[in-house]
Amino acid sequence: MEGLTRLRPHEYLASHRGSEIDRLPNEILSPIFLLAVGQPQHWHDGSDPSITTSPTTLSHICRRWRQVSLGTGSLWTQIVLTYPTSNEQLTCALTWLSRSTTYPLDILLDFRDPDWDWEEETHGFGWRHMEAVLSLLLPTASRWRTLELFTDTWAPIYAFLLHTHTIGRCLEKLEKLHLARCNEYFALKGEVFKPAALGKHLPLFGGAEAAVPRLREVTLTGVHVDWSAGHWQPLSCLVKLELKYQAADVMPSVAQFRQILLQSPDLETLAVVGGGPQFPTGNEGSLIAGRGSIKLARLTTFTFGFVDAHSAVQLLELFDFPALRELNLEDVSATLQHQPPEDASVLLYWLSNPSYTASTASIADTKNTDGNNINFYSSLSSASASSTSSSSPFLPLGEVHTLALHSIHASRPSLKRLYGACPSLSSLRLSDVCDEALALLQESPPSSAIQNLLPVLDTLFVRGGNKELFGRVISSSAREATFKNTRFDE
């Protein structure tokens with residue numbers, strides 16, 4: 001038995017020809033093949049590829065297996081094309097499309113080159129290559145169920161948007177869409193979209209003409225579309241929306257952003273990573289909707305990656321997420337610039353202090369010779385020592401059970417107030433954060449209020465922090481009995 005466990009699925013099955021498996025009817029053998037092939041959700045989860053088998057391999061075992069596999073259309077629905085494309089790869093995809101008959105398709109297009117030199121013009125996958133791929137896929141658009149497209153440059157994305165603007169009424173089975181131009185640096189403050197010649201905002205699947213009744217998940221990473229009224233149809237009725245790493249000058253305006261979100265009242269997961277929508281300036285500022293004007297009653301998971309803490313507060317003031325249960329915060333500029341992050345205390349104070357507003361940020365700009373914010377930080381630091389933290393009623397941290405902080409560096413008082421506003425927190429994930437975020441969890445003297453922070457915390461994951469400090473935290477008498485799951489990654 002030990003020897004058999006080392007065999008891959010098709011090797012094991014092939015070794016048992018003439019045994020019980022040959023007595024199985026086709027109606028049972030076919031589902032077994034589907035289990036051996038695996039599901040599309042395993043494409044990106046780091047699973048060992050040896051646990052799945054290609055349908056082509058199954059079809060080459062014997063005559064009967066070939067007959068069963070070719071007669072099982074759902075076995076051939078996972079269409080994968082990767083860089084560099086070749087005639088052999090395209091021919092194989094065409095064969096699978098034919099064998100999948102009328103079944104819904106799960107399509108993964110990954111044209112990223114790990115050796116790319118960051119020059120748009122020199123990439124080995126460009127406009128004409130994307131057109132060749134689309135010539136195969138567009139005739140099957142009515143069967144697309146999930147579509148994921150990853151590129152390094154903009155030209156293939158632009159070609160996709162341009163050539164799919166007429167198929168909007170054919171996408172009745174589409175459930176999930178992920179378009180990604182994987183160049184996160186466009187999210188940095190001051191960056192503008194490039195190449196400018198291809199910066200036109202194209203409607204997604206034709207915009208108003210689109211009919212995507214089943215589309216529930218959309219992720220646009222470094223990809224902008226036409227955000228104007230009348231073209232929101234593909235972005236309505238979603239349960240998950242992610243807008244990530246886009247240049248600020250191609251993001252929607254605040255008004256457009258608000259209307260897009262309100263088109264999906266059942267939204268459960270939202271991610272805004274990067275600069276966020278464009279806020280009006282001058283006299284137009286009075287047109288911004290009021291605090292809490294973007295209410296999403298069913299949203300439970302919110303991921304927010306910011307490039308500037310003060311601007312972050314300005315955006316967060318618009319949200320009202322009464323059902324929030326998981327919050328992920330990341331200082332994107334620190335992650336991308338590979339340098340010490342800026343102080344995010346102003347953001348943490350806002351999250352834990354309902355009376356703070358974005359206009360207060362101007363006070364925080366008054367600094368002493370040491371670079372500390374005299375008025376703002378000193379007043380809230382003293383307040384934290386004499387009052388109990390309470391989060392904004394629009395982002396109720398008191399009900400949040402999972403908090404993740406990525407590249408967050410802030411003052412000890414601001415972190416203390418944030419933790420104090422999360423009494424129901426059971427899971428804390430810290431990645432490349434300041435030591436204070438972890439040190440606050442240590443055992444404290446009996447007279448200190450710190451020991452009352454996060455009273456029900458039982459899960460702690462830390463990556464890239466102080467390993468010695470992590471050991472002291474999980475072994476402290478105040479925490480040792482409560483932790484059920486802990487992990488430290490270098």
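This is a predicted model: local features need pLDDT of at least 70, side-chain atom pairs count only at pLDDT 80 or more; totals for chains, interfaces and linings use all residues.
Residues are numbered from 1 along each chain as its sequence is written, and side-chain values use heavy atoms, with hydrogens and water left out.

Me: Why is H6 called oblique to H7?
Reply: The axes of H6 (residues 127-137) and H7 (residues 154-163) cross at roughly 40 degrees. Angles under 35 degrees count as roughly parallel, over 145 as roughly antiparallel, 65 to 115 as roughly perpendicular and the rest as oblique, so H6 is oblique to H7.

Me: And what makes H9 and H11 roughly parallel?
Reply: H9 (residues 309-316) and H11 (residues 345-352) have axes that cross at roughly 25 degrees. That value falls under the 35-degree limit, so the pair counts as roughly parallel.

Me: Which residues make the contact of H9 with H11?
Reply: Ala309, His310, Ala312, Val313 and Leu316 of H9, plus Val346, Leu347, Trp350 and Leu351 of H11; contact means heavy atoms within 4.5 Å.

Me: How do you know that strands E1 and E2 pair?
Reply: Pairing takes at least two DSSP bridges between two strands, and five join E1 (residues 78-82) to E2 (residues 105-110), so they pair, running parallel. Leu81 has Leu109 in E2 as its bridge partner.

Methods
Axes are lines fitted to C-alpha atoms, for helices over the stretch in contact, and angles run from 0 to 180 degrees between N-to-C directions. Helices (H or I, at least four residues) and strands (E, at least two) are DSSP runs, numbered from the N terminus.
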